[in-house]
Amino acid sequence: MVSTIPPLADALAAGPVVLDGGLSNQLEAAGHDLSDALWSARLLAEEPEAVVQAHLAYYGAGAQVAITSSYQATFEGFARRGIGEERAAALLARSVELAREAAGRAQADGVAGPLYVAASAGPYGAMLADGSEYRGRYGLTVDELERFHRPRLEVLAAARPDVLALETVPDAEEARALLRAVRGLGVPAYLSYSVAGDRTRAGQPLTEAFALAADADEVIAVGVNCCAPDDADRAVRLAARVTGKPVVVYPNSGESWDAGARAWCGDPAFRADRVAAWAADGARLIGGCCRVGPDAIAELAAGLGR
C-alpha cells in the first residue's frame, strides 16, 4: 500500500516532530521480561500485541513517530535462537507492520495524524548483546559492517516504513558502513549517534562523525540518542552547524544504573523545558530513549504545541 501521508522530510521542514520514548521501559512497565539477547525483538514472535500496545501508549501520549522493536533484531541473532532466515525476515517486516497497526488503532481512537513509523536498525554491537554497542571498535572493516547491515535494511525497507532509524551508532566507521548500506533502498534514513561529551562512544570527534552524513541524500536528519541530556544539548547545535540538516535528538532520562544495587539512581535530567532550546538550535525530530516514558513524551509534545 502506498502511503498517502506527507513524507516525514516535509513534516520536519515544517517544524518539530515528536518521537516516542523508550520502547523497552514501556514493555517492562507492562510486565514483560526483556532479559534476553533479543531484547524487545523476542516479543515480535511471542507477544506481538504487547508491542502494539507499547506503540499505542506513545501515540496516545502525543508521539508522531514510533520506532519499531527491531533494534536488536538481526538474522544472526535470530539464528542463534534457531530461527531461520525466512522466518527472521518475516519478523523484521512484522516490526514495521505492528507499528503501522498501532498507528491505525490510535487514529481510530481519535489521535490526530499523520503518524509515522521509523524502522530501527541498531549497531552491530547490539546483536552481540555484550555492551559493545556502547564502545564500537569491533575489529571489523567498513566493508564487513556494510555486509552485516545491508540484508536487514533491505528487509526493513521493503516493509515500507517512513524512515530507517540508524540509531545508537557508537562509531563513525560503523556510520560509514550504514550510510553505504542504505543507498538505493528507496526509503529515507536518519543517523543518530550514541555519544559521550563531544565524541562518539568510540572516541571520534562529533564534528567528523556528523560530517559523514552532510552530503548523504538518503539522510533526512542527523543527531544523537541514548546519551545524557547534557550531551544532547551540545550535540544538537553541532549537528545542525556541521550538516545543515534537521537534527534528531532523543536522549536518556539522565539517571544512572547502579550495577551493585541493580537499580536506577539519581534524578532525571530529561525535562520538557529543554525541548524549546533543542528546537531553537535546529532539532526537528525530538523524543526520548531509555527511561523516558509516555508521561514525559506527553509533556514534551505539549511543550511543542502538539
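Strand E3 (residues 116-121) is mostly covered, with six of its six residues buried, where buried means under 20% relative accessible area, exposed over 50% and partly exposed in between, with a 1.4 Å probe and protein chains only. This is a predicted model, in which local features need pLDDT of at least 70 and side-chain atom pairs count only at pLDDT 80 or more, while totals for chains, interfaces and linings use all residues. Residues are numbered from 1 along each chain as its sequence is written, and side-chain values use heavy atoms, with hydrogens and water left out. Helices (H or I, at least four residues) and strands (E, at least two) are DSSP runs, numbered from the N terminus.

In a regular strand the side chains alternate between the two faces of the sheet. E3 pairs in the parallel sense with strand E2 (residues 65-67) over three bridges, and Ala66 stands opposite Val117 in E3. E3 also pairs in the parallel sense with strand E4 (residues 163-169), over four bridges, with Ala121 opposite Leu166 in E4; two strands pair if DSSP finds at least two bridges between them.

| Helix pair | Angle | Axis separation |
|---|---|---|
| H4 (residues 48-61) and H13 (residues 294-303) | about 30° | 8 Å |
| H6 (residues 85-108) and H8 (residues 142-158) | about 45° | 8 Å |

Axes are lines fitted to C-alpha atoms, for helices over the stretch in contact, and angles run from 0 to 180 degrees between N-to-C directions. The contact (heavy atoms within 4.5 Å) is made by Ala57, Tyr58 and Ala61 of H4 and by Pro294, Ile297, Ala298 and Ala301 of H13. By class, this contact of H4 with H13 has seven nonpolar, no polar and no charged residues, where Ala, Val, Leu, Ile, Met, Phe, Trp, Tyr, Cys and Pro count as nonpolar, Asp, Glu, Lys and Arg as charged, and the others, Gly among them, as polar.

For the second pair, packed at about 45°, H6 is oblique to H8. The contact joins Ala89, Leu92, Ala93, Ser95 and Val96 of H6 with Arg152, Val155 and Leu156 of H8, and its residues divide into six nonpolar, one polar and one charged.

Methods: Angles under 35 degrees count as roughly parallel, over 145 as roughly antiparallel, 65 to 115 as roughly perpendicular and the rest as oblique.
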